[in-house]
Amino acid sequence: MEPAIETTNLTKRYGSLTAVNQLNLKVERNTIHGFLGPNGAGKTTTIKILVGLLRASEGTARVLGQEVHVDQADLKLGIGYMPELPRFPKHLKGKELLDIYGRMYGMNQLERRAQIPKLLDLVGLKGRENDLIGKYSKGMQQRIGIAQALLNSPELVILDEPSIGLDPVGMVEVRELVKTISKEGMTVFVSSHLLFEVEQICTHITIINRGVALVSDTLQNVSNLISGPITLQVEIVNLNESVIAALKNLPYVKDMTKSNNTLNIPLKTFDDVRAEISKTITNAGGIIVAMNTKGHSLEEVFIQLINKTQGGKP
Ligand SMILES: Nc1ncnc2c1ncn2[C@@H]1O[C@H](COP(=O)(O)OP(=O)(O)O)[C@@H](O)[C@H]1O
Ligand SMILES: [Mg+2]
């Protein structure tokens, strides 16, 4: 079976600005593929080309085995799409909105009656379907947007920054929903500017910056690629001088800082040394009650990747 999405040298120029530059993207079926990049990276532009809203300047895009052209209605039927920050008429009830969209997809009344309650349940809006959208929170509006994207049981769901503008609770809800959609057998392509979000739900990830894909691989492989020296935060009961001395003896530990019972240990190695650190602390009489790794910011990831692609040291 052909990939859900495959682009070849896809390029989009707005005047002198190249928003998407020779993008080769492959999204395999039944994956959750994160499309990660900072604001202005070219995510929305790419997505608009994939759903036939924008014409590429160069290159091709194939979606569900067909080449994409602008205004190609039949292909759109296989794709569910939620645009960035969807705006829906405030005077409609949630279920009325889905009913109108259902008609637009050519679903008859029987199909709509069967599908709409299922979707309201799936996106956690059961019981709120008769409320006006104007009364929905941002998170509920995003979720009705996702329900809209799922109406015609698409094979591929494309979500453009579904958790933008949401509070932490809303973001968790959307993440859970994306996982649920994937379990229903749909391929999900989801854009985000937040690394931690993509990390938590995606099986695959493409990182894009200034229209150029820096990496595209399984989440595991990308994590390995970007895992550089990290800082360990270790909370220790009985944190005494011999614990600190023992740690300082390790070749990859240099400047630790201490606050209360917590040690911040910046590691001068790319290896995973958590087991050795933990043994060292325990042998010196410390008791570890928590150990966390301080993750990389998206910016650090980019700097590392850009340096790597230019042959420099990360
Ligand atoms: N219609 C447009 N006309 C001109 N420039 C645009 C247009 N849409 C987007 N851009 C520019 O293209 C680049 C990529 O934008 P976009 O695809 O929206 O990025 P993202 O979704 O990753 O934030 C940005 O520099 C943006 O300012
Ligand atoms: Mg965008």
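**View 1. Polar contacts of ligand 1 in the predicted model.** A backbone N or O atom of Gly42 lies 3.0 Å from an oxygen atom of ligand 1. Ala41 has a polar backbone atom 3.1 Å from an oxygen atom of ligand 1. In the side chain of Tyr14, an N or O atom is 3.5 Å from a nitrogen atom of the ligand. A polar contact is a pair of N or O atoms within 3.5 Å; within protein, one must be able to donate a hydrogen and the other to accept it, and residues adjacent in sequence count only if both atoms are side-chain atoms. This is a predicted model, in which local features need pLDDT of at least 70 and side-chain atom pairs count only at pLDDT 80 or more, while totals for chains, interfaces and linings use all residues. Side-chain values use heavy atoms, without hydrogens and water; residues are numbered from 1 along each chain as its sequence is written, and chains are lettered from A and ligands numbered from 1 in the order in which they are written.

**View 2. The shell around ligand 1.** Tyr14, Leu17, Ala19, Pro38, Asn39, Gly40, Ala41, Gly42, Lys43, Thr44 and Thr45 surround the ligand (a heavy atom within 4 Å). By class, the shell has 5 nonpolar, 5 polar and 1 charged residues.

**View 3. Packing of α9 and α10.** Helix α9 (residues 241–248) packs with helix α10 (residues 274–283) at an angle of about 145°, the axes being 8 Å apart. Val243, Ala246 and Leu247 of α9 make the contact with Ile277, Thr280 and Ile281 of α10 (heavy atoms within 4.5 Å). These residues divide into 5 nonpolar, 1 polar and no charged.

**View 4. Surroundings of Asn264.** Asn264 is placed in strand β14 (residues 262–266). Its side chain makes a polar contact with the side chain of Gln233 (3.1 Å). Apart from neighbours within four places in sequence, Asn264 is in contact with Thr231, Leu232, Gln233, Asp255, Met256 and Thr257.

Definitions and conventions
Axes are lines fitted to C-alpha atoms, for helices over the stretch in contact, and angles run from 0 to 180 degrees between N-to-C directions. Helices (H or I, at least four residues) and strands (E, at least two) are DSSP runs, numbered from the N terminus. Ala, Val, Leu, Ile, Met, Phe, Trp, Tyr, Cys and Pro count as nonpolar, Asp, Glu, Lys and Arg as charged, and the others, Gly among them, as polar.
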